Amino acid sequence: MNDESQNKMGSPTPEELRQQVERTRDELGQTVEALAGKADVKTQAKEKSAAARKQAAEKTAELKEQAAEKTATAKEQAAEKTAAAKEQAAEKATAVKEQAAEKSAELKEQAAEKSAELKEQAVEKTAAVKEQAAAATAQIRAKTAQAAQAVKDRTPDPVQEKSVQAAAQVRESAARAGQFAVDRTPDPLLEKADRLAKAARANRTPLLAGGAVLVAFLLIRRGRGRSK
């Protein structure tokens, strides 16, 4: 028997053995690849999980950083707004103070002007009153002098002498009465009387003239009564 007959009877030929080895190698390779693939899936899963955790951590850190930046920005903006509000409030307070000072100065100036105006008006009125009083006094003096002169012209010489004597007696009696009153009058009343006397001396001429006219008139009436 030769090799071909032996192969036909069931013994594998070298080629068949080679093919079997190839097939077995391929199957082993597929099996290894399958096992490696399974192992690789787990590794990939682990890697994916690790990557996901890393991404989550990075995302968390990024969000934290963004939140911190936003918080810092918000604080900075709030501080700027607070500073601006304080500055505006200070400016408004300064403006209000300046306006109040200006208003106060204006009111003081107006009050001073009004006071000066009132003083000027009072001075003018006082001057007018003094002028009117002087004019009235001058008129009274003139009228008194005229009346005294008229009475003197109409009065006889003996009557005039008697008028002079009577006036002297009146002054002497008044002096004695005044001294008596002074001796018995308290000091406060004397001071008041002194002020009144000064005021009377200021208008002494019209009073004396009027008194002289009155005395002359009385003496004339008395003389006329006796002549009847």
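1. Arg 18 and Glu 15 stand 3 residues apart in helix α2, which spans residues 14–154, and this spacing separates them by about one helical turn. The model in which they are placed is a predicted one. The two residues form a salt bridge, with their closest N and O atoms 2.3 Å apart. That distance meets the criterion, because a salt bridge requires a side-chain nitrogen of Lys or Arg within 4 Å of a carboxyl oxygen of Asp or Glu.

2. Both partners of this pair are partly exposed. Arg 18 has a relative accessibility of 45%, and Glu 15 has a relative accessible area of 42%. Each value falls in the partly exposed class, because that class lies between the buried limit of under 20% and the exposed limit of over 50%.

3. A second salt bridge joins Arg 25 to Glu 22, the closest N and O atoms lying 3.2 Å apart. These residues also belong to helix α2, where 3 residues, or about one turn of the helix, separate them. Glu 22 is partly exposed, at 36% relative accessibility. In total, the structure contains 2 salt bridges. In general, side chains of opposite charge can pair when their charged atoms come close.

4. As to the chain overall, the secondary structure comprises 5 helices and 0 strands. Read from the N terminus, the order of elements is α-α-α-α-α.

5. The chain has 228 residues, of which 5% count as buried. Its accessible surface amounts to about 19400 Å², and carbon and sulfur atoms account for 57% of that area.

Note on methods
Residues numbered from 1 in each chain as written. Predicted model: local features only at pLDDT ≥ 70, side-chain atom pairs only at ≥ 80, totals over all residues. Heavy atoms only, no water. Helix = DSSP H or I, 4+ residues; strand = E, 2+ residues; numbered from the N terminus. Buried < 20%, exposed > 50% of the residue type's maximum accessible area, 1.4 Å probe, protein only. Areas by Shrake-Rupley, 256 points an atom, 1.4 Å probe, with all protein chains shown as cover.
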